Amino acid sequence: MGNQLDRITHLSYSELPTGDPSGIEKDELRVGVAYFFSDEEEDLDERGQPDKYCVKGSSSPAQESPTRHHHAPPQLVLSETQFSAFRGQECIFSKVSGDSQTGDLSVCPASSLPALCKPGDLLELLYLGPSDHPPPPPQWAVYVGNAQIIHLHQGQIRQDSLYEAAAGNVGRVVSSWYRFRPLGAELVVQNACSHLGLKSHEICWTNSESFAAWCRFGKREFKTGGELQPPSGTPSQQQYYLKIHLADNKGHTVRFQNLEDLIREKRRIDASGKLRVIQELAIVEEDDSKE
């Protein structure tokens, strides 16, 4: 996958890159490395194929239906792993409670989301099922108005009703988690609509998050093989770091050669659950102490 596994250490936050919204660290970046090997598959179900190049039920990409909810929806705070991601020393992603730019990490019933977002926003949908069944990775989608979403699901880019796609689940607006400059709302919706109906062999994104983020930010790094390649024989100077925030001011950082692999591992950890991540890190530390 193009990742480099270096020495493993247990560091405090003071020794790791921070989630400063400015994205710039003045001190040298020092990281401890842990790595988890896994494959990821999107959760599957069967729905019909959407019409191509349109937003069903909407006459304009930027047109939204009237607000359905007049009261604040119920919210739930999850016990989940928190992350920061860096390209070099620049913070490009933050999912950290208390971060003023990230905002509130609480979730609400998916049926409440249309009242909280606007066309061009990114949504994260989560399945809260029995604790003895590992949940699927979070499903990311582009909200296009009138309670409709466009997302990469079951190897196809499709349009679904938010109420049907996330029935019984929870979600949140995650438009501010990535720190790239967003495109205009109409262009975000256009990016999503123009790929409706594409299937696995035509798709250049490995998961729903990469597709949704590309629609909003237009960065080629979200596509498979989208990283700029160095001249032949020259080692890549681009480095990505995923910082896993733990309790007691501790954390672990994983290094990657491309954004695609970083997102893949972040989503695997999300689906694993916080307790399992802590257990995996403990095993890594134990193995390292024996060397």
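Visitor: How many helices and strands are in the protein chain?
Guide: There are five helices and 11 strands. Both are DSSP runs numbered from the N terminus: helices are H or I with at least four residues, strands are E with at least two. The model is predicted, so local features need pLDDT of at least 70 and side-chain atom pairs count only at pLDDT 80 or more, while totals for chains, interfaces and linings use all residues. Residues are numbered from 1 along each chain as its sequence is written, and side-chain values use heavy atoms, with hydrogens and water left out.

Visitor: Okay, and what share of the residues is buried?
Guide: Buried residues are 51% of the 291 in the protein chain. Buried means under 20% relative accessible area, exposed means over 50%, and partly exposed is in between (1.4 Å probe, protein chains only).

Visitor: Which residues have the most contacts inside the largest nonpolar core?
Guide: Those are Ile157, Tyr178 and Phe222, in a core of 41 residues. Helix α3 (residues 208-217) gives the most to this core, with six residues. A nonpolar core is a set of buried Ala, Val, Leu, Ile, Met, Phe, Trp, Tyr and Cys residues joined through side-chain atoms within 4.5 Å. There's also a second, separate core of 12 residues, with Leu113, Leu125, Leu162 and Ala165 among them.

Visitor: What does Phe222 touch?
Guide: Leaving out residues up to four places away in sequence, its contacts include Tyr178, Phe180, Trp205, Trp214 and Ile263. Contact means heavy atoms within 4.5 Å.

Visitor: How do α3 and α4 cross?
Guide: Their axes come within 9 Å and cross at roughly 125°. The axes are lines fitted to C-alpha atoms, for helices over the stretch in contact, and angles run from 0 to 180 degrees between N-to-C directions. The two helices are therefore oblique to each other: under 35 degrees counts as roughly parallel, over 145 as roughly antiparallel, 65 to 115 as roughly perpendicular, and the rest as oblique.

Visitor: Which residues meet there?
Guide: Ser208, Glu209 and Ser210 in α3 meet Ile263, Lys266 and Arg267 in α4. By class, that's one nonpolar, two polar and three charged residues. Here Ala, Val, Leu, Ile, Met, Phe, Trp, Tyr, Cys and Pro count as nonpolar, Asp, Glu, Lys and Arg as charged, and the others, Gly among them, as polar.

Visitor: Switching topic: how many salt bridges are there?
Guide: The count is 13. A salt bridge is a side-chain nitrogen of Lys or Arg within 4 Å of a carboxyl oxygen of Asp or Glu.

Visitor: Which residue does Glu260 pair with?
Guide: Glu260 pairs with Arg264, with the closest N and O atoms 3.5 Å apart. Both lie in helix α4 (residues 259-272), four residues apart, about one turn of the helix. An α-helix has 3.6 residues a turn, so residues three or four places apart point the same way. Glu260 is buried at 11% relative accessible area, and Arg264 is partly exposed at 22%. Elsewhere, shared partners join Glu80, Lys95, Glu124, Arg172 and Asp270 into one salt-bridge network.

Visitor: And Lys118 with Asp121, what's the distance?
Guide: Their salt bridge is 3.6 Å, N to O. Lys118 is exposed, at 52% relative accessible area, whereas Asp121 is buried, at 5%.

Visitor: Last one: what covers the buried residues of α2?
Guide: The cover includes β6 (139-145), β7 (148-153), β8 (156-161) and α3. In α2 (residues 185-193), the buried residues are Val188, Val189, Asn191, Ala192 and Cys193.
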